There are 2 protein chains.
Amino acid sequence: MSSTPKYKSSSSLTTSSNRQDYLKAILSLDLKGAKASTSAISAKLNTQPASVTGMFGVLSNLNLINYIPYKGAKLTDEGRSQAISLVRKHRLWETFMVEKLGFRWDEVHEVAEQLEHVNSEQLIDRLDDFLGFPNFDPHGDPIPDSLGNIADRRSLVVVSDLEVGKMASIRGVLSSSDSFLKHLDDLGIRLGLEFEVVKVYTYDGSIQVDSAGESMIWSRKLVEQLLAEVN
Amino acid sequence: MSSTPKYKSSSSLTTSSNRQDYLKAILSLDLKGAKASTSAISAKLNTQPASVTGMFGVLSNLNLINYIPYKGAKLTDEGRSQAISLVRKHRLWETFMVEKLGFRWDEVHEVAEQLEHVNSEQLIDRLDDFLGFPNFDPHGDPIPDSLGNIADRRSLVVVSDLEVGKMASIRGVLSSSDSFLKHLDDLGIRLGLEFEVVKVYTYDGSIQVDSAGESMIWSRKLVEQLLAEVN
DNA sequence: TAAAAAGATTAGGCATGACTAAATTTATTG
DNA sequence: CAATAAATTTAGTCATGCCTAATCTTTTTA
């Protein structure tokens, strides 16, 4: 006798936007070293734990996760690959909105949540090209490449940790508060800005930098929230 | 006694992507002067007429259409406004894909169908700005502005109808066949290309044009498929 | 280590949107 | 103008995902 499956599996080629959200949530917990429990996922997605149990059954049948009741879910290779693809899309769209459309770094998340579900590998690869194959998004988070490889975020350093004489480029921020981003705007500090650390004032932790022939002083509070990539 | 509504109305603030598709289909028929019958809509959306009847009930309760059973549907002001907003999004995204990402004019429709459902007026207004507030999409169809005004497509002319001495810019095509678009590519004819009609050869209908200091001859078959805006 | 608390799963519903088959209305035509 | 054909609507289902309430498991704690 054939065993009846506990959960119905849908046989579509593409993973629905809904299911993709679950995969992304599981990946996000996994990267933090946390267990993908039904309660943790339900908190992330604003649903009820019971709904998560149901979806775990579906994703399990689709071989996107390995799910052991009461023990949480783990992404399969295919599930992880799809989740990383979503992260790639999300971060590329955020980069597009900030760099090309002039949005502030804290305004783009929600819209990117929608854009990431647009289904076209060609679109995203061309967007990647259009943006110059960036390695990091406006928040300093690494953008996976088209093969799913993720640059090491550790290659970014907080500007306050840079030594005198170092050349570097602004890549992201640790804080996305409105006042902070406005302040950056006022000082002309944008993504990609190249600069050299000229002097570090140990008295108050501020540093003097040269950028595009101009010299300025950045406060300690400022440089502790700025991420850069050493050139 | 209170009358029970024939169809349930959902009380969400935003119109679901699904319902938006219906509004767009109704608008499209309306612009062609055709009646929005259940069969016509079902053909457009690849569904069954019975499904359309159901959705007409829903849209009617939401005051997005006026629906009289057996008589078809008409958009209300609100319904029309939402449909036009979709068309705007669709055509701006198509323009973006062609002009910025290098897609061909016949490759962009399906992806734009997805992008048009991204919900953010700010996003689309900034995209419009980024693209330079274009009046026509790559197919020569007018792009509604942020207030819903649509330019008159009649301000475009087929290049074969231009008179000698006229300055004009390429704005679209009548055919989107692969071979035609490749041919345009070969000749360096792109959207926005400015040119002047120098001579019309009545013998075979070909015309001589000057563009960016260069002179070339376009065949009759070619110019009958090209749309331009007189400068 | 047994009882209580916390977490997860099952059971039973509901809304959205789609489908098929049957019934009804409108249009066509002999 | 009646009868058939075509179009439309109604009735009854189904899949996806969500919810609440009730029932397990697992973990904590006395």
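Chain B of this predicted model holds an open sheet of 6 strands, ordered E3-E8-E4-E5-E6-E7 with antiparallel pairing. Strands here are DSSP runs of E, at least two residues long, and helices are runs of H or I of at least four, both numbered from the N terminus. Two strands count as paired if DSSP finds at least two bridges between them. The edges of the chain B sheet are strand E3 (156-158) and strand E7 (214-218). Each has a single partner strand, so one side of each is left without a neighbour in the sheet. Neighbouring strands are turned by 45° against each other on average, direction ignored. Such angles are taken between axes fitted to C-alpha atoms, for helices over the stretch in contact, and run from 0 to 180 degrees between N-to-C directions.

E3(B) pairs with strand E8 (residues 226-230) of chain B in the antiparallel sense, over 3 bridges. Leu156(B) stands opposite Glu229(B) in E8(B).

Some ground rules apply throughout. Residues are numbered from 1 along each chain as its sequence is written, and chains are lettered from A and ligands numbered from 1 in the order in which they are written. Local features need pLDDT of at least 70 and side-chain atom pairs count only at pLDDT 80 or more, while totals for chains, interfaces and linings use all residues; side-chain values use heavy atoms, with hydrogens and water left out.

Chain A has its own open sheet of 6 strands, in the order E3-E8-E4-E5-E6-E7, again with antiparallel pairing. Strand E3 (156-158) and strand E7 (214-218) of chain A stand at the edges. Each has a single partner, so one of its sides lacks a neighbour in the sheet. The twist averages 45° from one strand to the next. Within the chain A sheet, strand E5 (residues 194-200) and strand E6 (residues 207-211) pair in the antiparallel sense over 4 bridges. Val200(A) stands opposite Ile207(A) in E6(A).

How do the two chains relate? Chain A can be laid on chain B with an RMSD of 0.1 Å, by a turn of 180° and a shift of 0.0 Å along the axis. That is the relation of a two-fold axis. The superposition is by least squares on the C-alpha atoms of residues with pLDDT of at least 70 in both copies. Of the residues of chain A, Leu115(A) comes closest to the rotation axis, at 3.6 Å (C-alpha). The copies meet through the same surface, because 100% of the interface residues of chain A are also interface residues in chain B.

The largest nonpolar core has 76 residues. A nonpolar core is a set of buried Ala, Val, Leu, Ile, Met, Phe, Trp, Tyr and Cys residues joined through side-chain atoms within 4.5 Å. Buried means under 20% relative accessible area, exposed over 50%, and partly exposed in between (1.4 Å probe, protein chains only). Trp218(A) and Trp218(B) have the most contacts inside this core. Leaving aside residues up to four places away in sequence, Trp218(B) touches several residues, among them Val159(B), Ile170(B), Phe195(B), Ile207(B) and Leu226(B). Contact means heavy atoms within 4.5 Å.

Charged pairs come next. There are 22 salt bridges over all chains. Each needs a side-chain nitrogen of Lys or Arg within 4 Å of a carboxyl oxygen of Asp or Glu. Asp30(A) forms one with Arg80(A), the closest N and O atoms being 2.7 Å apart. Asp30(A) lies in helix H1 (residues 17-31) and Arg80(A) in helix H4 (residues 77-99) of chain A, so the pair ties together parts that are 50 residues apart in sequence. Asp30(A) is partly exposed at 37% relative accessible area, and Arg80(A) is partly exposed at 30%.

Helix H4 takes part in another link. Glu121(A) and Lys89(A) meet in a salt bridge (3.2 Å, N to O). Glu121(A) lies in helix H6 (residues 121-130) and Lys89(A) in H4 of chain A, so parts 32 residues apart in sequence are tied together. Glu121(A) is partly exposed, at 43%, whereas Lys89(A) is buried, at 6%. Elsewhere, Lys24(A), Glu113(A) and Glu116(A) are linked in a network of salt bridges.

Finally, the backbone. Asn63(A) has a phi near 60°, a positive value in a residue other than glycine. Asn63(A) sits in the loop between helix H3 (49-61) and strand E1 (65-68) of chain A and is exposed, at 53%. Phe133(A) also has a positive phi, near 50°, and lies in the loop between H6 and E3 of chain A.
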